[in-house]
Amino acid sequence: MNPYILAALLFGMGLGTTITFASSHWLLAWMGLEMNTLAIIPLMAQYHHPRAVEATTKYFLTQATAAAVLLFASTTNAWLTGQWDIQQMTHPLPITLITLALALKIGLVPTHSWLPEVLQGLDLTTGLILSTWQKLAPFALLLQIQPTNSTVLIALGLASTLVGGWGGLNQTQLRKIIAYSSIAHLGWMILVLQFSPALTLITLLTYLVMTLSTFLVFKFNKSTSINMLAASWAKAPALTTLTPLILLSLGGLPPLTGFMPKWLILQELTKQDLVPTATIAAMSALLSLYFYLRLSYAMTLTMSPNNLTGMTPWRLQHSQLTMPLALATATTLLLLPLTPAVLTLLAH
C-alpha cells in the first residue's frame, strides 16, 4: 500500500478513537466510531483475496448495524430524557440498547459470531489492529456510561468467558484461537465493569499488551496455524522458549502478568457476594488454559516432519523490528510484582 495512503488511514483511525475518547455528546461519539470503522476497512481489504474481501464485508455490516443501534438508542434517550450527554444516561431502555450495541462492536457473546470469521480472513498485522486498537473506543463509552443493569452485564460476561473457552478448544488456526481468547478476556472485563471500572481498564491494558506480544511472535515466525508453529524451533530457539510463557500469561497463570487481572477480578466478585459467578468464571479460565497449553506443546515439544537438510533452515536477517517484540514480551512476563501499586491505584 502507498505509504501516504497508509498514513492517512492510520491517522483516520487514531482521530476517530480520539474523538470518541474526548466526546461527551452521543453524536460526536458515534461519529468517532464511524471514522474508526471506515479507516480500517481499506486496510482489511488491501490484499485482494476473496477471503479478505469476505471478512471486510462481514466486519462492515456488523459495525454498521452496531452504529445504527447506538444512534437509535442515543436518540431514544434524548427523546425520553431530553439529554444527549453520555454521562447523563438514566433510562434503562437506552442503556441496555447501547450496551448491546457496544457488545456487538467489540464481539461479546451472543453477538460474537463475526469476530473469529473476520479475524481468520485478515493478515496478522491488520488482525493485531482489530484485536487491540479497535477495542479502545467502544470500551471508552462503556466505561463512561457504566451500565447499571447488573443482570445483563453478568450474563454477557459469563457467556463470553464460557463461549471463548469452548470455542477455542477444537481450532487449528491461530487467528481463530486468538479471536476466542479475545472473547473470553472481554467477558472477564465486562463481569467487573459495574463494580470497579478502574479494574476493567487495567484488565483491558494488560490484555492489549499480551495480545500484542502474541501477534508479534506469530508474525515473526510467519505462522498462521498450529502445524506451522512446530517449525519455529529451528528458526528462533530463544523466542520459541519464551512463547509458552507468553501463552500461559494469556491463560492467567502465576507468576506471569496475566494472573494479576484475573486474581483481582475474582477478589472483587467475591467481595460483591457473587461467589457462584466467580467460580464459573474461574472454571471457564481452565478451558482457555487448555488451548494455550496445546499451542505451547505444539511449539516446543513437537518437531515438524523434516528431512535432515531441512532441520536447520537458513537464518537470514529478519526484516521485522525486534524491539517492540522484546518490550511486549518483557511486559507480558514480568509485571506481576507491580500488583501492590495497581491495588493502590484502585483504592483511589
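## Cavity, pocket and buried sites in a predicted model

H2 gives the most to the lining of the largest cavity, with three residues. The model is predicted.

User: Which elements give two or more residues to the lining of the largest cavity?
Analyst: The lining includes Leu33, Asn36 and Thr37, and also Tyr59 and Gln63. Helix H2 spans 26–44 and helix H3 spans 50–81. The elements that give two or more residues are therefore H2 and H3.

User: How much space lies in the largest cavity?
Analyst: The structure holds three cavities of 30 Å³ or more. The lining of the largest cavity divides into five nonpolar, four polar and two charged residues. Lys105 and Lys135 are among the lining residues. The space in this cavity is about 90 Å³.

User: Is Thr20 buried or exposed?
Analyst: Thr20 sits in helix H1. Thr20 touches Ala29, Gly32, Leu33, Ala137, Leu141 and Gln144, leaving aside residues up to four places away in sequence. Buried means under 20% relative accessible area. Thr20 has 0%, so Thr20 is buried.

User: Which backbone nitrogen lies 3.4 Å from a polar atom of the Thr20 side chain?
Analyst: Among the residues that Thr20 touches are Gly32 and Leu33. A polar contact needs N or O atoms within 3.5 Å. The backbone nitrogen 3.4 Å from the side-chain polar atom belongs to Leu33.

User: Which helix supplies the largest share of the lining of the second largest pocket?
Analyst: Helix H1 (3–22) and helix H6 (124–131) each supply at least two lining residues. Leu124, Thr125, Thr126 and Ile129 are among the residues that line this pocket. The largest share is four residues, and the helix that supplies them is H6.

User: What is the volume of the second largest pocket?
Analyst: Its lining includes Met1, Gln46, Asp123 and Lys219. The lining residues of the second largest pocket divide into seven nonpolar, three polar and two charged. The volume of this pocket is about 240 Å³.

User: What distance separates the C-alpha atoms of Ala230 and Ala347?
Analyst: Ala230 lies in the loop between helix H11 (226–229) and helix H12 (237–251). Ala230 is buried, at 10% relative accessible area. Ala230 and Ala347 are 117 residues apart along the chain. Their C-alpha atoms are separated by 45 Å.

Conventions: Residues numbered from 1 in each chain as written. Predicted model: local features only at pLDDT ≥ 70, side-chain atom pairs only at ≥ 80, totals over all residues. Heavy atoms only, no water. 1 Å grid on protein atoms, 1.4 Å probe; cavity = no way out; pocket = protein on both sides within 12 Å on 5 of 7 lines; lining within 4 Å. Points joined across faces, edges and corners; volume = space filled by probe spheres on them. Nonpolar A, V, L, I, M, F, W, Y, C, P; charged D, E, K, R; others polar. Buried < 20%, exposed > 50% of the residue type's maximum accessible area, 1.4 Å probe, protein only. Polar contact = N/O pair within 3.5 Å; in protein donor to acceptor, adjacent residues only side chain to side chain. Contact = heavy atoms within 4.5 Å.
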